[in-house]
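Work through the two exercises below with the sequence and the structure open.

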Amino acid sequence: MTALGKDLVGLEHLAPEQIRLILDTAEPFKEVSERPIKKVPALRGKTIVNLFFEASTRTRISFEFAEKRLSADTVNVAATGSSVSKGETLVDTAKNLEAMRIDMVVIRHGASGAAQFLGSRIRSNVINAGDGKHEHPTQALLDLLTIRDKHGKIEGLKVCLVGDILHSRVARSNIWGLTKLGAQVGVCGPRTLLPRGIEELGVTVFRRIEDAIAWADVLNVLRLQLERMEKGFIPSLREYYRVFGVTVERLERAPRDITIMHPGPMNRGVEIDSRVADGSHSVILDQVTNGVAVRMAVLYLLAGGRPELADAAKRGGGAE
Amino acid sequence: MTRPAPERTTILDARALARALQRMAVEVLEQAQGTDALILIGIQRRGVELADRIAKLIEKEEGFVVPRGALDITLYRDDLETVGPKPVIGETRIPGDLTGKHVVIVDDVLYTGRTARAALDELADFGRPERISLCVLVDRGGRELPIQADIVGKQVKAGARDRVEVLVEELDGRDLVELVRRETS
């Protein structure tokens, strides 16, 4: 079994040393993308299926680049809409793909737990590219790598997630990853978009964005999904921006420079001011660059990396 | 039953290692016929330190700073599934385009030749050097591929169960090359 187990379903069941291993392995992969020939043969002959049941641009392209830069052969399956649902159909799809002798599946699915479900039923490695409201582990890993690049460490930093925490798999994976690596985590958003009992995960809750800004070293501003307004979680986008928007004026009052992150896609003028998104403390595009390196590291480690971390994998529980 | 402790023999002590490197530096210069297009590339890990030392010796002799690089060949190995990669892949740093250069690959031990094969593949992705040569501190025999070194610090005959251990001051606190023979039971 590899250092990470068979699958990467989420960060909840990874040990801190496994998370650090992924980040450390991502480091040399950054350089591969800077080469004149952006390709290494590590996964030559491996076949990877990107199975996206939900729309995605950034994550799918990022995975595809990562796969191609490791010389894997890739197939994209966009199983859009209602014809494919979870349960047996999902397994059938995967079993059919497996019958064509694939090695890995990268899955994005609207149902929480879909990746775990699939991983326990097929032999191929499964990587979760976002499942419902559950986890989006590679996004959190690239966030961690970006924070570590910018601040030189993660331990002891104060990182606040802003916005729709309730529906966000990015928030959940970030909370697991950050707390495991010793960061202090805060969340800030309208009461309707904070899950009840979130304090039990060891995070500090801020009701006002001003308080979060006064506290944090890093703000990770989450996308506000526009349909939240229709469903009555917030009164209006304009009001959301007025109360929770991350603006230059608010950041100017901060006691320190705050690193600004956003997993994308951004709603400029809703959760974040354009001048902040494009400002000098924004690392939003570094996140995108790091996304490819982190995904290369995950693919590489799952494909056969058997470093001396087998006991950490056992202790951490892992996916297998 | 206790297994007998492996028997260790010194191949090169610190002074012998220094002399070997000195001679290797001279041979690098001779073969390159000067320093114009020369680039030294060390293989991670200990090859990087050895390349550094040779470059410094050349610098002392010629007053010329030889460009240096580092190469980690983990991603070019042909045995990802059988051996598994090292826990963390080392840095790869190539000083500019290699096209037209004389690249000297520096490594600590030459054994099966698979590392050198991987290094050749990887270097080809960084340009088309005019010449690539291979410079190793210890050639222990046992090749599995048609590869040979151009410059060798020390030749030893080691069996398949033996290990050649190279220690360098920068990483291990001292310079020493040992042959570790495991008893055949």
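Two exercises with solutions follow.

This is a predicted model, in which local features need pLDDT of at least 70, side-chain atom pairs count only at pLDDT 80 or more, and totals for chains, interfaces and linings use all residues. Residues are numbered from 1 along each chain as its sequence is written, chains are lettered from A and ligands numbered from 1 in the order in which they are written, and side-chain values use heavy atoms, without hydrogens and water.

**Exercise 1.** Describe the setting of Gln18(A).

Step 1. Locate the residue: Gln18(A) is part of helix α1, residues 16-32 of chain A. Helices are DSSP runs of H or I with at least four residues, strands are runs of E with at least two, and numbering starts at the N terminus.

Step 2. Classify Gln18(A): it counts as buried because its relative accessibility is 0%. Buried means under 20% relative accessible area (1.4 Å probe, protein chains only).

Step 3. Find the partners of the side chain. The side chain of Gln18(A) comes to 2.8 Å from the backbone oxygen of Ala3(A). A polar atom of this side chain also lies 2.8 Å from the backbone nitrogen of Ala15(A).

**Exercise 2.** Summarise the fold and dimensions of chain B.

Step 1. Count the elements: chain B has four helices and eight strands. Their order along the sequence is β-α-β-α-β-β-α-β-β-β-α-β.

Step 2. Take the extent: the C-alpha trace of chain B spans about 60 × 40 × 30 Å along its principal axes.

Step 3. Take the burial: 50% of the 185 residues of chain B count as buried.

Terms used. Polar contact = N/O pair within 3.5 Å; in protein donor to acceptor, adjacent residues only side chain to side chain.
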